[in-house]
Amino acid sequence: MFVSEDLSVNEKNHLVIGENDTVELAKEFGTPLYVIDEDLIRKNMRIYKDAIDKYYDGNGLILYASKALCTKYTVNIAKEEGLGCDVVSGGEIYTALKSDFPMDKVYFHGNNKTVEELELAISAGVGHIIVDNIYELISLNDIAKEHGIIQKILFRIKPGIEAHTHTFIQTGQIDSKFGVALENGEAFEIIKAAMELSNVKVEGLHCHIGSQIFEVEPFCDAARVMMRFMGELKDKFGLTLDKLNLGGGFGIKYTEEDDPLPYDEYIKTVSETVKSAAKEYGIDIPMILMEPGRSIVAPAGITLYTVGGIKDIKNVRKYVSVDGGLGDNPRYIMYQAEHGAVVANNAAAKPEEFVTVAGKCCESGDLLVENVKLPKVNVGDTLAVLSTGAYNYSMSSNYNRIPRPAMVAVSGGIAKTVVKRETYDDLLRNDV
Ligand code: LLP
């Protein structure tokens, strides 16, 4: 079984994260509990930032893809580490605003931004809007005109690259709801239309080919396709674009079989590809932007649960039920995603039996980890599910009227609540 190298075990045989004993955390804050290692988040952000500074001569910007874990706490860390921020909804813009994020470093994505969201983006001073389609372009130009500004924009392009990942999280191919395609001339058309509008300024292109990708080649292929298109835009329209946003999607190690490259390798290889493509297509080297989300926060998070019941169904499987489930982590039910697990109060014990960790929701598919080899599990144990920092809290729900867990951040032996546990009254707040 894979246990993250950033976790350890103390003399009490308890799992430790950020110098905090997880069994003590569970006692103090209750379960289910999201625990985030702040030092690891900062470390991951710095790896990306240093790599782009080093390999791209200071002409790049890393945007934290806040959809992975959008809280004032995480957005604030991105601010302190000098990153930009990728947002995808009014709620994420509002979180950045309330975190005093420098709004000129915010990039707003989405395939169906509402008029209200575009208005919020403009009044909040969002630096760049990544336009998805012609309707959005026209509406944005009108809103920018009403506000008396010229909005800087990028276009979301489908580069026609298929990455090897779950089909739900592939986005670069023509059959995708995101962006405009190159193959059918759509991309040319929309850029031509934008050049005739008075209140938008086309500064660059964006693509995002998918998520949890292990190879660097698809990113390089996408970069080359985008650079070639930039060359064509220059030849056809005399248009020079100085920003190329290549999205996020770098994979992480959820299981022993997952074998991601070091993050700085991705940045190095992609940087070199863009520079050589600039030469090949006769264009200036653009500023590049990258938008990692998962790879920054997923490895930094674990979720602690308490084991409530165990069902050993002879010749079928053994279920270990915990006090959370698809409400706090829908990744199994959505993608059959895999996560590691550790019995936190018996962390160094030898795994001896395969169990399936089940949630408490009224859905048979509400599993957290299927067939994981653990030491003997007992009722009352604290169970840690690993690598839950991304797309857990941000995709959580109140299904079955279960309140969302609290989130604590740990660093140097100190734990602080960064998101409060929801109460039953929170669940009723909007009922009239
Ligand atoms: N940029 C754009 C435009 C995106 O759509 C995404 C992710 C990212 C950046 C960040 O990608 P990352 O570095 O985190 O892979 N809920 C799924 C993942 C969905 C990803 C959506 N877009 C999961 O739990 O695996």
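Contact means that heavy atoms lie within 4.5 Å of each other. This is a predicted model, in which local features need pLDDT of at least 70 and side-chain atom pairs count only at pLDDT 80 or more, while totals for chains, interfaces and linings use all residues. Residues are numbered from 1 along each chain as its sequence is written, and side-chain values use heavy atoms, with hydrogens and water left out.

**Nonpolar cores**

- A nonpolar core is a set of buried Ala, Val, Leu, Ile, Met, Phe, Trp, Tyr and Cys residues joined through side-chain atoms within 4.5 Å. Buried means under 20% relative accessible area, exposed means over 50%, and partly exposed is in between (1.4 Å probe, protein chains only).
- The largest nonpolar core has 95 residues, and Ile 153, Phe 155 and Leu 205 touch the most other members.
- Helix H8 (residues 217-237) gives this core its largest share, 10 residues. Helices (H or I, at least four residues) and strands (E, at least two) are DSSP runs, numbered from the N terminus.
- Because domain 1 (7-37 + 298-428) and domain 2 (109-292) both give residues to this core, it lies between them. The domain bounds come from an automatic or database domain assignment.
- Not counting residues up to four places away in sequence, Ile 153 touches several residues, among them Ile 129, Val 131, Leu 137, Leu 140 and Ala 194.
- Another core, of 19 residues, lies apart from the largest one and includes Val 23, Ile 302, Ala 347 and Leu 386.

**Helices H7 and H6**

- Helix H7 (residues 186-195) has Ala 187, Phe 188, Ile 190, Ile 191 and Ala 194 buried.
- The cover over the buried residues of H7 includes helix H6 (134-146), strand E9 (151-158), strand E10 (180-181), strand E11 (200-206) and H8.
- Asn 141 is located in helix H6 and counts as buried, at 4% relative accessibility.
- Leaving aside neighbours within four places in sequence, Asn 141 is in contact with Leu 197, Ser 198, Asn 199 and Val 200.

**The ligand**

- There are 18 residues around the ligand, and Ser 211, Glu 291, Arg 331, Tyr 335 and Tyr 391 come nearest. A residue is near a molecule if one of its heavy atoms lies within 4 Å of it.
- A nitrogen atom of the ligand is 2.7 Å from a polar side-chain atom of Tyr 335.
- An N or O atom in the side chain of Asp 86 is 3.3 Å from a nitrogen atom of the ligand.
- A polar backbone atom of Gly 249 is 2.9 Å from an oxygen atom of the ligand.
- On its own the ligand has 580 Å² of accessible area, and the protein covers 91% of it. Accessible areas come from the Shrake-Rupley method with a 1.4 Å probe.

**Backbone details**

- The peptide bond from Thr 31 to Pro 32 is cis, with omega near -10°. Pro 32 sits in the loop between helix H1 (22-29) and strand E4 (33-37).
- Ser 387 is not a glycine, yet its phi is positive, near 55°. The residue is in the loop between strand E19 (382-386) and strand E20 (406-411), and Ser 387 is buried at 5% relative accessible area.
- Arg 401 also has a positive phi, of about 55°, although it is not a glycine. Arg 401 lies in the loop between E19 and E20 and counts as partly exposed, at 42% relative accessibility.

**Strand E18**

- Val 372 lies in strand E18 (residues 367-374) and is buried, at 6% relative accessibility.
- Val 372 and His 339 are 33 residues apart in sequence, and their C-alpha atoms are 9.0 Å apart in space.

Terms used:
Polar contact = N/O pair within 3.5 Å; in protein donor to acceptor, adjacent residues only side chain to side chain.
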